[in-house]
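I opened the notebook for a new structure. Overall build comes before single residues.

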Amino acid sequence: MSIIVTGAAGFIGSNFVLNWLNNNNEKVVALDKLTYAGNLENLKSVETKPNYVFVQGDIGDSKLIAEIFQEHQPRAVVNFAAESHVDRSIHGPDDFMQTNIIGTYRLLDEARSFFNALNEDAKKQFRFLHVSTDEVYGTLSSTDPAFKETNQYEPNSPYSASKAASDHLVRAWHHTYGLPVLTTNCSNNYGPFHFPEKLIPLCILKALQGQDLPIYGDGQQIRDWLYVVDHCRGITTVLEKGVVGETYNIGGWNEKTNLEVVHALCDLLDELKPLDDARSYREQITFIKDRPGHDRRYAIDATKISNELGWKPEETFETGIRKTVQWYLDNQDWVTRVQSGEYQHWLNKNYS
Ligand code: NAD
Ligand code: TYD
């Protein structure tokens with residue numbers, strides 16, 4: 001038996017593959033285009049395992065996807081591949097439309113062809129799990145209840161609109177063609193191998209480099225943070241126990257303002273890597289121009305996955321963020337290597 005994991009060299013995909021291979025012997029076919037966000041170094045610790053195969057390629061390349069299905073005869077596809085950064089989607093939406101919409105469509109359609117040719121037993125087992133985001137539901141006011149699976153889709157950024165489109169395609173391929181799909185909509189993740197364009201790794205890096213910690217607007221926007229390994233466990237739970245055609249929200253019950261998050265990072269760095277002059281890293285916080293169309297609050301109601309499938313997060317924000325800061329302190333070589341020319345170019349474009 002094997003599973004195909006797309007976007008396997010990215011932040012969540014690589015954590016998923018490492019977690020999977022550490023917990024069972026089933027083969028993983030890791031597919032990734034290796035965009036700026038994909039890093040094979042994330043998967044270095046498993047590259048010699050006999051049940052791990054890496055293929056560089058695009059989910060939108062139908063011919064390649066068909067070949068991978070034929071060669072590996074997977075019992076499941078877990079689709080992480082996407083362009084994932086809101087700010088980049090504002091600067092240049094094209095790649096988001098191409099991968100998140102067209103790419104998902106091509107992957108779905110090749111999965112459909114493969115599924116149709118399976119025998120009845122294999123059909124019963126087969127799953128296409130699509131990993132999506134809470135951002136498809138739009139933004140909440142401070143008094144709104146958290147997002148449920150039944151919330152209306154109201155995406156506001158090019159990124160979330162492209163993910164919403166992909167979710168609709170997944171739904172349609174189930175409804176029309178009977179492809180056995182599952183969709184998960186998760187809140188903001190954090191943890192090891194997080195590319196330093198996103199708030200948490202960006203601020204850890206900038207803090208250590210003595211640079212300003214850029215907070216958009218008033219810093220009172222709220223995100224609901226989940227430790228990445230908990231997300232990976234949630235996806236595995238949905239893959240094994242989820243009801244075909246259903247969607248499951250995954251979240252950590254950890255709503256924090258951006259300023260609270262950055263304060264927590266600074267306080268941990270003050271403890272674990274104190275500055276020589278006893279200054280606090282908090283002094284590096286700087287408020288900058290807000291993101292256009294910035295969603296004010298996201299919050300996930302994770303009651304369904306908890307009640308129906310028995311999943312709960314194991315980490316609190318306090319335990320998860322401590323592990324994360326420690327990981328970045330212990331993996332400065334990884335950090336140095338991901339700060340390539342492309343990354344510097346992005347920093348200049350977004351923060352100049
Ligand atoms: P990421 O940007 O770190 O990784 C994405 C990976 O996909 C990269 O390795 C990249 O090389 C690969 N990729 C991009 N285009 C591809 C293509 N056309 N074909 C094959 N591979 C391609 O993203 P992430 O944070 O790991 O997110 C993974 C998934 O989880 C995304 O679908 C995202 O929408 C979703 N998600 C992310 C979060 C979060 O907080 N990061 C929260 C909820 C949902
Ligand atoms: P981000 O990590 O980009 O995730 P998302 O936009 O998908 O939620 O951003 C998290 C929050 O942090 C979001 O409200 C935007 C804010 N933010 C900043 O204030 N400064 C920054 O430099 C970045 C990258 C994000």
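These entries go from the whole chain to one residue.

**Entry 1: overall build.** I noted at the start that this is a predicted model. I counted secondary structure and got 13 helices and 13 strands in the protein. I then checked the radius of gyration. The protein has 20 Å, and a compact globule with 352 residues would be near 20 Å, so the two agree. Along the principal axes, the C-alpha atoms fill a box of roughly 70 × 45 × 40 Å.

**Entry 2: burial and contacts.** I looked up burial next: 56% of the 352 residues are buried. For contacts between residues at least 6 apart in sequence, I found that 82% join residues at least 24 apart.

Entry 3: I computed an accessible surface of about 14,900 Å². Carbon and sulfur atoms account for 49% of that surface.

**Entry 4: annotation.** I checked UniProt, where an unreviewed entry lists residues 4-324 as "domain: NAD(P)-binding". Over residues 4-324 I got 41% helix and 17% strand. The end C-alpha atoms of this stretch are 27 Å apart.

**Entry 5: Phe96.** I placed Phe96 in helix 4, residues 94-116. Is Phe96 buried or exposed? Its relative accessibility is 2%, so Phe96 counts as buried, the cut-off being under 20%. Which residues touch Phe96, leaving aside neighbours within four places in sequence? I listed Glu83, Ser84, His85, Arg88, Ser89, Ile101, Tyr159 and Ser162. Ser162 is 66 residues from Phe96 along the chain, yet their C-alpha atoms are separated by 6.4 Å.

Methods:
Residues numbered from 1 in each chain as written. Chains lettered and ligands numbered in written order. Predicted model: local features only at pLDDT ≥ 70, side-chain atom pairs only at ≥ 80, totals over all residues. Heavy atoms only, no water. Helix = DSSP H or I, 4+ residues; strand = E, 2+ residues; numbered from the N terminus. Rg over C-alpha atoms; globule rule 2.2 N^0.38 Å. Buried < 20%, exposed > 50% of the residue type's maximum accessible area, 1.4 Å probe, protein only. Contact = heavy atoms within 4.5 Å. Areas by Shrake-Rupley, 256 points an atom, 1.4 Å probe, with all protein chains shown as cover. UniProt positions renumbered as here; feature names shortened; annotations may be inferred.
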